[in-house]
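Student: Please take a close look at one part of this model for me. I would like to know how the two chains meet.

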There are 2 protein chains.
Amino acid sequence: MTSPDRIWTAGLVIIGDEILSGRTHDKNIAQVASWLQVQGIRLAEVRVVPDDEGRIVEAVNALRAANDYLFTTGGIGPTHDDITVDAVSAALGVPVVIHPEARALLERYYADKGGLNEGRLRMARVPEGSELIPNRMSGAPGIRRGNVILMAGVPHITAGMLDALTGKLEGGAPLISETVGCWVAESEVAGLLREVEEAHDECQIGSYPFFRDGKVGANFVIRSTEREIVQSAMDSLTDGLATNGYDFTPGGI
Amino acid sequence: MTSPDRIWTAGLVIIGDEILSGRTHDKNIAQVASWLQVQGIRLAEVRVVPDDEGRIVEAVNALRAANDYLFTTGGIGPTHDDITVDAVSAALGVPVVIHPEARALLERYYADKGGLNEGRLRMARVPEGSELIPNRMSGAPGIRRGNVILMAGVPHITAGMLDALTGKLEGGAPLISETVGCWVAESEVAGLLREVEEAHDECQIGSYPFFRDGKVGANFVIRSTEREIVQSAMDSLTDGLATNGYDFTPGGI
């Protein structure tokens, strides 16, 4: 589904003390961001908050008010520090209920693993009015209530849930990007980059420097929803690089 | 410097379209978080925002009002999309000025690289009243204005700036953590984890499941500012695991 006449945006709330302590390196920002691009939805803001109900409620409400979609990762497991369902229900002003299908699914999943207990049953709890997102990797499903989507924190489980959602969210025209790399200090071509961006409406140029093999270089990424604009800006930029005597590598270095 | 009688907190604003597009995988959350732990400062919240002045101002002001320190990464380079200094100056209500020491430093750095140009001179701009943070890796310094600290986005440059700040920020007692790993589904021991946490004040227990070699397991992390509390909670937890017939691995799996 696409509605190319406007920009669709999403907010993402990453929930977990383990990210804020540095113990766990987040991988979900990048994978959710890349997936959203393909759905024609732009990730507008991410907030990382601790396992604290008040802080989760605040972030969820701020980002769902400002965006078309609100995603969370983390805190939907069986242990006492998994409070995402409670916090999001509070944010939405709805009660927490046991989802019968989730309960049945967990009963089957744990049938040969000791059966349901109090902790496992926590994973059948959802904000009232939710539907389930299939989880191919482990027992507990993700949760969708309208434009609010709760996913696991473990990256490969998150990936499976994103896959189950592919093509199911309304979005706009995907952002198209093209990259060109150059062995140049970005500070030498800052003026050129600015000129090319200013000459093309509805186009952003990002400059991403790196240091490799003892040399500085940069990749320049041109983004727009219009392929013609990306192409025109890329032509201007590569002409400018060539005129100034720089070799460049289409696709990036 | 430590003031162990209260908790010191920091907010972090990650600035850059490239993180929100999924093009660049953030590494700064984890490295800033780990560094802050050692300084006795807790990372309370992270926000990732695009290269948009209004959005940066909003995030900077929200997180500096709520915390003792405010860090940013990204957007202090030479190109048109590097707008962090402008946005933070606007947030602080001070003008942007050229820092004479930064200018001198950049003049020396670029002396044999073509000299200063308009883009390179951008990296000498600071919010009025700032001091510089040394950058061992490349020319442009980081910026500190009171409790607001602006750092580079490229992770190894950020790391050098953090190193230069080590021991220079007032903080509290570092959070102490101990880990124990166990080949168990966390859902089997969720009740035990909750009981141990409830029996110990000022102590958090995190449960971090994994799937490896075809088996499920979890690491349990006990955190407190008091070593005795961590030790007592760890004793209770490992006793409980042993009583239930689980082997465990001190230090984590």
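**The contact between the chains**

Tutor: Chain A is divided into domain 1 (8-165) and domain 2 (176-250), with bounds from an automatic or database domain assignment. The C-alpha centres of these two domains of chain A lie 38 Å apart. This is a predicted model: local features need pLDDT of at least 70, side-chain atom pairs count only at pLDDT 80 or more, and totals for chains, interfaces and linings use all residues. Residues are numbered from 1 along each chain as its sequence is written, while chains are lettered from A and ligands numbered from 1 in the order in which they are written.

Now the contact. Chain A gives 47 residues and chain B gives 48 residues; two residues are in contact if their C-beta atoms, placed from the backbone, lie within 7 Å. On the side of chain A, the elements giving two or more residues are helix H1 (17-20), helix H2 (28-39), strand E2 (41-49), helix H6 (118-122), helix H8 (190-199) and strand E10 (204-212). Helices (H or I, at least four residues) and strands (E, at least two) are DSSP runs, numbered from the N terminus. E2(A) supplies the largest share of that side, six residues. By class, the side of chain A has 17 nonpolar, 16 polar and 14 charged residues. Here Ala, Val, Leu, Ile, Met, Phe, Trp, Tyr, Cys and Pro count as nonpolar, Asp, Glu, Lys and Arg as charged, and the others, Gly among them, as polar.

Look closely at E2(A). Three bridges join E2(A) to strand E2 (residues 41-49) of chain B; strands pair if DSSP finds at least two bridges between them. The two strands run antiparallel. Val46(A) has Val48(B) as its bridge partner in E2(B).
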